[in-house]
Amino acid sequence: MIRVLITGGKGQLGQCLQSISNDFKTLDFVFLGSSDLDISKKKEVENYFSKNHFDYCINCAAYTAVDKAEEELELAKKVNVTGAKNLAIACKKNNSILIHISTDFIFDGTAKLPYTEEDTTNPISVYGKTKRDGELAIISNLPQHFIIRTSWLYSEFGSNFVKTMLRLSEEKKELSVVDDQTGCPTYAKDLAEVILKIINSQSKKFGIYHYSNQGEITWYDLAKEIFKQSNADINLYKTDSNTFKTLATRPKYSVLNTSKIHSLLKLEPIQWKKSLEKCLKEIK
């Protein structure tokens, strides 16, 4: 059996991994939340790894409150940078492979074409900077790593844009959503399957990979499709980032080029509308 540790096991990606874990019979999973293992504490991580052997560690633990990070820099750094570094060091010492989840927010959003893994990072928010620094900490401490950057993650678990839109459609008669930020949503269950396929493939082609569903849309487009598929009775309007002010600056364009991971795992691209449909059925 291949032993797999999931940190951040109670977040939405961790819960998605748990929900499909029975489909992967050759893998033996351990799911830990932050109360079980605080990855920002080096000694705690060292002790846990010295007492338990894992072939893989999937790091889903992250500080993801994009706006709050602007005011909580130290806390964001503690989880996203120190935590990632601690896991990388522990994985190296114990000969484990680390699969770390990163984000489209490590880019500045000035591109005109989907970002490749080789494109220069230039984060424009505290959250993006801490996630980029977490990547660098892993790269400098552990050769045996997969860093998977994803975008606009949602699922039937936790808090996310899709569930917020469904809630607002029941509370409001009308809603304005930004139409000047372009990216691609990712159903966390699709990402979870990709991660476990990497483990099953036992690939040693370590490095950075991008994964999202397929298509280029704005948040307005996503909201419109959520309301269409869920038959919501709400009037939807377009707005822009200048009108809808937030503490953190978001990338204007953060579509990810996913051809590298599709080639590695011989995957068929999944269109975002199909994945949204799957998720909405799960929520219902």
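The model is predicted, so local features are reported where pLDDT is at least 70, side-chain atom pairs count only at pLDDT 80 or more, and totals for chains, interfaces and linings use all residues. Residues are numbered from 1 along each chain as its sequence is written, and side-chain values rest on heavy atoms, with hydrogens and water left out.

The inside of the fold comes first. A nonpolar core is taken here as a set of buried Ala, Val, Leu, Ile, Met, Phe, Trp, Tyr and Cys residues joined through side-chain atoms within 4.5 Å. Buried stands for under 20% relative accessible area, exposed for over 50%, and partly exposed for what falls in between (1.4 Å probe, protein chains only). The largest nonpolar core has 31 residues, and V4, L13, I58, I99, L196 and I199 touch the most other members. Two or more residues each come from β1 (2-7), α1 (12-20), β2 (27-32), β3 (56-59), β4 (97-103), β5 (145-150), α6 (188-201) and α8 (259-265). These labels follow DSSP runs numbered from the N terminus, with helices (H or I) of at least four residues and strands (E) of at least two. Helix α6 is the top contributor to this core, giving eight residues. As for I199, its contacts (heavy atoms within 4.5 Å) take in I2, V4, L27, Y56, I58 and I99, with residues up to four places away in sequence not counted. Another core of 25 residues lies apart from the largest one, and V177, Y187, F227 and I234 are among its members. As a general point, nonpolar side chains tend to be buried together in soluble globular proteins.

On to the strands. β1 and β2 pair in the parallel sense over six bridges, where pairing asks for at least two DSSP bridges between two strands. Within this pairing, V4 has F29 in β2 as its bridge partner. The chain gets from β1 to β2 by way of α1, and this β-α-β crossover is right-handed; that is, with the strands pointing away from the viewer, the path from the first strand over the helix to the second runs clockwise.

Salt bridges (a side-chain nitrogen of Lys or Arg within 4 Å of a carboxyl oxygen of Asp or Glu) number 15 in the structure. One of them joins R3 and D28, at 3.2 Å from N to O. R3 sits in strand β1 and D28 in strand β2, so this pair ties together parts that are 25 residues apart in sequence. Both ends are partly exposed, R3 with a relative accessible area of 26% and D28 at 29%.

A second salt bridge pairs K252 with D180, whose closest N and O atoms are 2.8 Å apart. K252 belongs to the loop between β12 (235-239) and α8, and D180 to the loop between β7 (174-178) and β8 (182-183), so parts 72 residues apart in sequence are tied together. K252 is partly exposed at 40% relative accessible area, and D180 is partly exposed at 21%. The salt bridge between E277 and K281 (3.7 Å, N to O) is a within-helix case: both residues lie in α9 (residues 272-283), four residues apart, or about one turn of the helix. E277 is partly exposed at 38%, whereas K281 counts as exposed at 60%.

Some polar side chains are buried. R149, in strand β5, has a relative accessible area of 2% and is buried. Its side chain makes a polar contact of 3.1 Å with that of H210. Polar contacts are N or O pairs within 3.5 Å; within protein, one atom must be able to donate a hydrogen and the other to accept it, and residues adjacent in sequence count only if both atoms are side-chain atoms. E156, in the loop between β6 (153-154) and α5 (161-171), is buried at 14%. Leaving out residues up to four places away in sequence, E156 touches K163, Y187, K189, C279, E282 and I283.

Last up is T82, in helix α3 (residues 73-93) and partly exposed at 34%. T82 and S40 are 42 residues apart in sequence, yet 5.5 Å apart in space, C-alpha to C-alpha. Beyond its neighbours within four places in sequence, T82 is in contact with I39, S40 and K77.
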